[in-house]
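Reader: I have a structure to go through for class. Can we talk about what packs against what?

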Amino acid sequence: MSFLRPDLTMVGKALVIIGLVALFGGFAALLYGEFAPSVGYQGVLDRGIGSAGILAMGLGVLCFVPLVARDPWQAATRSAESPEALLRAAAKELGVVALNLVCYVGAALVALGALTALDRAPIAAGLVMIACIAALVLYRRHRKRHPRSYNLTKPLGIVLFMLAFGFAAGAFGTLQTSSALADALEGPREQVCVLSDFDEQRPTGRYSSLRAADFVIDFTDGSGQTVRVAIKEQDRAALGQIAEAGSVVRLAYYPRTNVFVSARPADGDSSLTPTQRHGLP
């Protein structure tokens, strides 16, 4: 589908423009939230901007769903086949898809189950594995001899994937954005905690440059509950404040977004037990 092709209606062109703006704008907001300051009130706002970017990307994908679903439907209505014949062909394609899932996925799951049972019943498990492998080979040969096209169901699969991604990204973005908004309105929480764990999470893989490293610090409060804050690589200096505060700190943080605000020594605070004062959760 070319950009703003002439056969698109005004609604279709509007959906294309809105979808592209939402996708690219949302991606830019997501990157900004990833590398922007991550501590204090500004950190909460930046977390909300990044979450809003995820929401915008989900909405952008949903804008393209009617356009992707439009072409196969119009091509089908222009064909010489009757609607009943198209429905029968689509039903056959869906039947083949279901059969593929049963034969490939089902046989693989049964074979894995037999593999786990080898130590308890080796003969029976071995026979089941051989039968599963034989079924996969025979069905694969059958599919090669009787190939099947998926002209009607393939666009449906693409549309379903886009719907799933759009709604998942929209729900996640809405939840995270509302959490950041609630934290910004209510302000940070402050309580005495014991430093209990530290984890450095560095992104790996091909697109690791699109993510900043996270320093995740766990604390334990007086009731034994875990309090977690996350600090980005660009705010590494905040780790020095936690280190200088010692093992028992008066921690200020935003509870919904896990954004760190400040930490100061609290060794003399009476809300902790003697064991917790020595840094043991």
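Reader: What is Ile217 in contact with, leaving aside its neighbours within four places in sequence?
Author: Ile217 is in contact (heavy atoms within 4.5 Å) with Leu195, Asp197, Phe198, Val227, Arg228, Val229, Ile231, Leu239 and Ile242. This is a predicted model, where local features need pLDDT of at least 70, side-chain atom pairs count only at pLDDT 80 or more, and totals for chains, interfaces and linings use all residues. Residues are numbered from 1 along each chain as its sequence is written, and side-chain values use heavy atoms, leaving out hydrogens and water.

Reader: Which residues touch the most other members of the largest nonpolar core?
Author: Ile217, Phe219, Ile231, Leu251 and Phe260 do, in a core of 16 residues. A nonpolar core is a set of buried Ala, Val, Leu, Ile, Met, Phe, Trp, Tyr and Cys residues joined through side-chain atoms within 4.5 Å. Buried means under 20% relative accessible area, exposed over 50%, and partly exposed in between (1.4 Å probe, protein chains only).

Reader: And which element gives the largest share of this core?
Author: Helix 6, with 4 residues. Helices (H or I, at least four residues) and strands (E, at least two) are DSSP runs, numbered from the N terminus.

Reader: New topic. Where is Asp235 found?
Author: Asp235 sits in the loop between strand 3 and helix 6.

Reader: Is Asp235 buried or exposed?
Author: Asp235 is buried, yet has no salt bridge (a side-chain nitrogen of Lys or Arg within 4 Å of a carboxyl oxygen of Asp or Glu). Arg47, the nearest side chain of opposite charge, is 8.6 Å away; Lys and Arg count as positive, Asp and Glu as negative, and His and the chain ends are not counted.
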